[in-house]
Each structure stands twice: as C-alpha cells, then as structure tokens.
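Colleague: I would like to learn how to read a helical model. Could you take me through one?

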Amino acid sequence: MITSALPASRDHSVQGDRRDKGEKSESIDESITAWALAARGGDPDAVERFVRALHRDVVRYVAHLSADPQAADDLAQDTFLRALGSLHRFEGRSSARAWLLSIARRAVIDSFRHAAARPRLSDTRDWQLAAELAQPRDLPGFDDGIALLDLLAALPDDRREAFVLTQLLGLPYAEAAEVSGCPIGTVRSRVARARATLVALLAEAEASRALAA
C-alpha cells in the first residue's frame with residue numbers, strides 16, 4: 001500500500017506539524033542569515049557555519065537543475081565561491097538561503113551557456129543520480145519501490161523547481177519566487193499543479209500494483 005506523501009489540508013494534526021516545521025525552519029534561516037552577515041564582517045567561524053549549513057541544499061538544488069550528474073559538486077563549489085566573493089553586498093534584506101540559491105541558479109544558467117558554446121562529450125541528462133545522492137533516505141510515503149525522484153522526473157522543469165524549492169528545501173513561497181525570478185502567484189500555481197500531478201502518479205502506481213496483484 002502506497003501512502004501519499006502529500007497529505008490533505010483538512011488534517012489538523014498535519015497542519016500543526018507544518019506550522020512547527022515552518023517555525024523551526026524560520027529559526028534556522030535566521031541563524032544562517034546571521035552567520036552570513038557575520039561572515040561578511042570577516043568572521044572565519046561564521047563562514048564555515050554558513051557553508052556547512054547550506055551546502056546540502058545547494059547540491060540538491062543544482063542537481064535538480066543541472067543536466068550533468070557529474071556537475072553538481074562543481075556547481076555547488078562555484079556557487080559558494082561566487083557567494084563568498086559577494087558577501088560584502090549581502091545586507092540581509094532576504095534570507096541568506098534565498099540569496100544563495102539565487103546565486104546557485106545563476107551558476108547553473110551560466111554553466112548551460114558555457115556548455116552551449118562548446119561541443120558536448122555526452123548527451124545524457126541524468127540529473128536524477130546526483131539528486132538521489134544528495135537527498136535524504138526513507139522519505140515518508142514513497143515506499144515499495146516508488147521513488148520521489150522518479151515522480152519528480154515526470155514534472156515540467158518549472159513545476160519541479162518550484163516544488164523542490166518549497167516542499168523539499170522549505171523556502172517560503174515569496175523567497176522561492178525571488179529565487180526563480182517570477183511572481184509569487186506563479187510559484188503557488190506551479191506547486192499546486194506539481195502536487196496534483198504527483199498525487200495522480202501515486203494513485204496510478206497504486207492502481208497498477210493492485211492490478212498486478
């Protein structure tokens with residue numbers, strides 16, 4: 001039996017859990033932003049905390065955007081090099097997480113432009129491998145061989161990005177809109193459509209398993 005990882009909004013206990021997680025995420029983001037501001041002032045310990053806190057999120061994000069599974073670590077490194085070189089311009093008006101993911105997005109776009117200017121050695125688009133290596137194991141609701149990455153791969157790029165930013169990385173919709181460079185209403189629409197597609201795919205997979213049994 002496959003249990004949906006996308007619970008209905010009428011479940012009040014789930015809503016409470018989401019609020020708790022949201023408050024915890026906000027507190028973490030405040031700490032990370034404080035570290036970024038301290039790093040801007042030259043605190044080496046703050047630099048290390050800032051990088052360590054967001055490294056996993058950056059790798060996961062660029063893995064979902066990148067067409068080359070071997071490029072995720074290099075893109076993450078490029079992202080942090082750009083960020084550390086631009087810290088003097090970070091003023092904390094948005095969260096450091098959103099600011100950094102915006103830089104990561106530009107790093108991926110620049111890598112696409114660079115790749116387009118030179119011959120490709122391989123045309124394989126296996127971003128799933130890098131994303132799988134970066135994501136946590138034992139995600140609830142995706143058991144019995146139904147993998148989250150397999151479902152995400154079926155989504156259009158813009159909907160997958162919106163879902164990853166808000167549902168996997170935990171960014172508020174406003175910050176996800178800032179990262180993606182689109183209105184907040186567009187992000188909400190993309191996430192809603194992504195969720196509907198994932199629910200339909202889960203139902204289809206469950207029906208297929210029932211018929212096979």
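Predicted model: local features only at pLDDT ≥ 70, side-chain atom pairs only at ≥ 80, totals over all residues.

Colleague: How many helices and strands does the chain have?

Modeller: Helices (H or I, at least four residues) and strands (E, at least two) are DSSP runs, numbered from the N terminus. The chain has 9 helices and 0 strands.

Colleague: What share of the residues is buried?

Modeller: Buried means under 20% relative accessible area, exposed over 50%, and partly exposed in between, with a 1.4 Å probe and protein chains only. Of the 213 residues in the chain, 38% are buried. As for contacts (heavy atoms within 4.5 Å), 70% of those in the chain with a separation of 6 or more link residues 24 or more positions apart.

Colleague: How do I read a pair of packed helices?

Modeller: Two packed helices are described by the angle between their axes and the distance between the axes. Axes are lines fitted to C-alpha atoms, for helices over the stretch in contact, and angles run from 0 to 180 degrees between N-to-C directions. Helix α2 (residues 44-65) and α3 pack at about 135°, with axes 9 Å apart.

Colleague: Which word describes how α2 and α3 lie to each other?

Modeller: Angles under 35 degrees count as roughly parallel, over 145 as roughly antiparallel, 65 to 115 as roughly perpendicular and the rest as oblique. α2 and α3 are therefore oblique to each other. Among the residues that make the contact are Phe 50, Val 58 and Ala 63 of α2, and Asp 73, Ala 76 and Phe 80 of α3. By class, this contact of α2 with α3 has 13 nonpolar, 2 polar and 1 charged residues. Here Ala, Val, Leu, Ile, Met, Phe, Trp, Tyr, Cys and Pro count as nonpolar, Asp, Glu, Lys and Arg as charged, and the others, Gly among them, as polar.

Colleague: At what angle do α7 and α8 pack?

Modeller: Helix α7 (residues 157-168) and helix α8 (residues 173-180) pack at about 140°, with axes 10 Å apart. α7 and α8 are therefore oblique as well. Glu 161, Leu 165, Thr 166 and Gln 167 in α7 meet Tyr 173, Ala 176, Val 179 and Ser 180 in α8. These residues divide into 4 nonpolar, 3 polar and 1 charged. Just after α7, Gly 170 takes a positive phi of about 80°.

Colleague: What is a nonpolar core?

Modeller: In soluble globular proteins, nonpolar side chains tend to be buried together. A nonpolar core is a set of buried Ala, Val, Leu, Ile, Met, Phe, Trp, Tyr and Cys residues joined through side-chain atoms within 4.5 Å. The largest one here has 45 residues, and Phe 50, Val 58, Leu 101 and Leu 165 have the most contacts inside it. Leaving aside neighbours within four places in sequence, Val 58 is in contact with Ala 76, Thr 79, Phe 80, Leu 100, Leu 101 and Ala 104.

Colleague: Is Asp 57 buried or exposed?

Modeller: Asp 57, found in helix α2, is buried, with a relative accessible area of 11%. Not counting residues up to four places away in sequence, Asp 57 touches Arg 97, Leu 101 and Leu 169.

Colleague: And is Asp 73 buried or exposed?

Modeller: Asp 73 lies in helix α3 (residues 72-86) and is exposed, at 53% relative accessible area.

Note on methods:
Residues numbered from 1 in each chain as written. Heavy atoms only, no water.
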